[in-house]
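Please walk me through this structure, from the overall chain down to single residues.

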Amino acid sequence: MEHVQLQLAVLIANLSYLVNENMDKILLGKLLPHGSLNDVGIYGACAKISLFLSIFVNAFRLGAEPFFFNHAKNKNAGQTYARIMDYFVIAVCVIFIALIANIQILKYFVHGANPTQTALYWTGLRVVPPLVFGYVSLGIYMNLSVWYKLSDQTKYGLYISGIGAILTIVLNVIFIPAYSYMASAWISLIAYATMMVLSYIWGQKNYPIPYNIKKNLVYIVSSAVVVYLSFYIFNRNIFIGDGLLLFYVAVAFYFERANLKAIFKR
């Protein structure tokens, strides 16, 4: 009976994930006036750029989960999970910045049937920063979710993903008519960030792992600041964007150099 309940919880959690990923596009088509259906195409086309980070996050999850389970009984498992989180956060933040810094190149992956349609799609590139930041939050959530899997409390995965799905549906219904696809982009970020925060709070209560929360927050917030500068202040200038990217990587390496040396000496 417990095995059936576990499978049911995982199934519902996966269905909630599908809702978070796809419901915004469905609701855009349903809630916008007929003459605004181009917005659905713009949103879907520009969202392709964010998939670069999504692929990395899913690849990490597939590789990391077996590792987490294999090391669950080790004495220093918590410290190992925390260190993995440290470098995962740095990696996704660097990818986040890199995607936005090079959006003037990556936009060529977004194209329509003709130059006019392509130009129309490019008007929606402003959805990319919040969408990619949403995948940063989702990736951290997937990393955090190890606690309820290892402690056999998958009901929390159901609660968290269910809350995310409810936020996605309710907020999109409220804000799409007024703000179109920009509402969907920001709501995606809100839903995944909420899931991330809930997983951390409940995880520390039920299966504490000594994450370096302050350091990770510094990397996350600073990456958002760099992206804001690159995309909005410097108007997507690729040279300035990549300069900021290199600066971010250099600073991260400077502060992590001692830990990296210790790892490579083993």
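In this predicted model, contacts between residues 24 or more positions apart make up 81% of the contacts in the protein chain with a separation of 6 or more. The elements that the chain contributes are 10 helices, with zero strands, so the order along the sequence reads α-α-α-α-α-α-α-α-α-α. The radius of gyration of the protein chain is 20 Å, close to the 18 Å that the globule rule gives for 266 residues, and the chain is therefore as compact as a globular protein of that length. Along its principal axes, the C-alpha trace spans about 60 × 50 × 25 Å.

Burial and surface come next. Of the 266 residues in the protein chain, 44% count as buried. The accessible surface of the chain comes to about 13,800 Å², and carbon and sulfur atoms hold 68% of that area. As for charge, the protein chain carries 19 positive and 9 negative side chains. The centres of these two sets lie 7 Å apart.

The aromatic side chains can be followed pair by pair. The structure holds 17 aromatic pairs. One of them joins Phe60 and Phe88: the ring centres are 4.4 Å apart and the planes stand at 40°, so the pair is tilted. Phe60 has 22% relative accessibility and counts as partly exposed, because buried requires a value under 20%. Phe88 has a relative accessible area of 3% and is therefore buried.

A second pair is formed by Tyr228 and Tyr232, with ring centres 5.3 Å apart and planes at 35°, so this pair is tilted. Tyr228 and Tyr232 are four residues apart in helix α9 (residues 213–233), which means that about one helical turn separates them. Tyr228 is partly exposed, with a relative accessible area of 47%, and Tyr232 is partly exposed at 38%. Elsewhere, Trp147, Tyr148, Tyr156, Tyr159 and Trp202 form one aromatic cluster.

Helix α9 also holds Ser230. What is in contact with Ser230, leaving aside its neighbours within four places in sequence? The residues are Ile100, Ala101, Asn235, Arg236, Asn237, Gly241 and Leu244. Ser230 has a relative accessible area of 3% and is therefore buried.

One of these contacts, Asn235, lies in the loop between α9 and α10 (238–265). Asn235 is exposed, because its relative accessible area of 56% is over the 50% cut-off. The backbone of Asn235 has a phi near 55°, a positive value in a residue other than glycine. Most residues other than glycine have a negative phi. Ser180 is another residue other than glycine with a positive phi, again near 55°. Ser180 is placed in helix α8, and its relative accessible area of 13% makes it buried.

Helix α8 (residues 155–206) is also the place of Ile201. Ile201 is partly exposed, with a relative accessible area of 40%. Ile201 and Trp147 are 54 residues apart along the chain, and their C-alpha atoms are separated by 11 Å. Trp147 is one of the members of the aromatic cluster.

The loop between α8 and α9 contains Pro208. Is Pro208 buried or exposed? Pro208 is exposed, with a relative accessible area of 58%. The C-alpha atoms of Pro208 and Ile26 are separated by 38 Å, and the two residues are 182 residues apart along the chain.

How values were computed:
Residues numbered from 1 in each chain as written. Predicted model: local features only at pLDDT ≥ 70, side-chain atom pairs only at ≥ 80, totals over all residues. Heavy atoms only, no water. Helix = DSSP H or I, 4+ residues; strand = E, 2+ residues; numbered from the N terminus. Rg over C-alpha atoms; globule rule 2.2 N^0.38 Å. Buried < 20%, exposed > 50% of the residue type's maximum accessible area, 1.4 Å probe, protein only. Contact = heavy atoms within 4.5 Å. Areas by Shrake-Rupley, 256 points an atom, 1.4 Å probe, with all protein chains shown as cover. Lys, Arg positive; Asp, Glu negative; His and termini not counted. Charge placed at Lys NZ, Arg CZ, Asp CG, Glu CD. Phe/Tyr/Trp six-rings, centres within 6.5 Å; stacked < 30°, edge-to-face > 60°.
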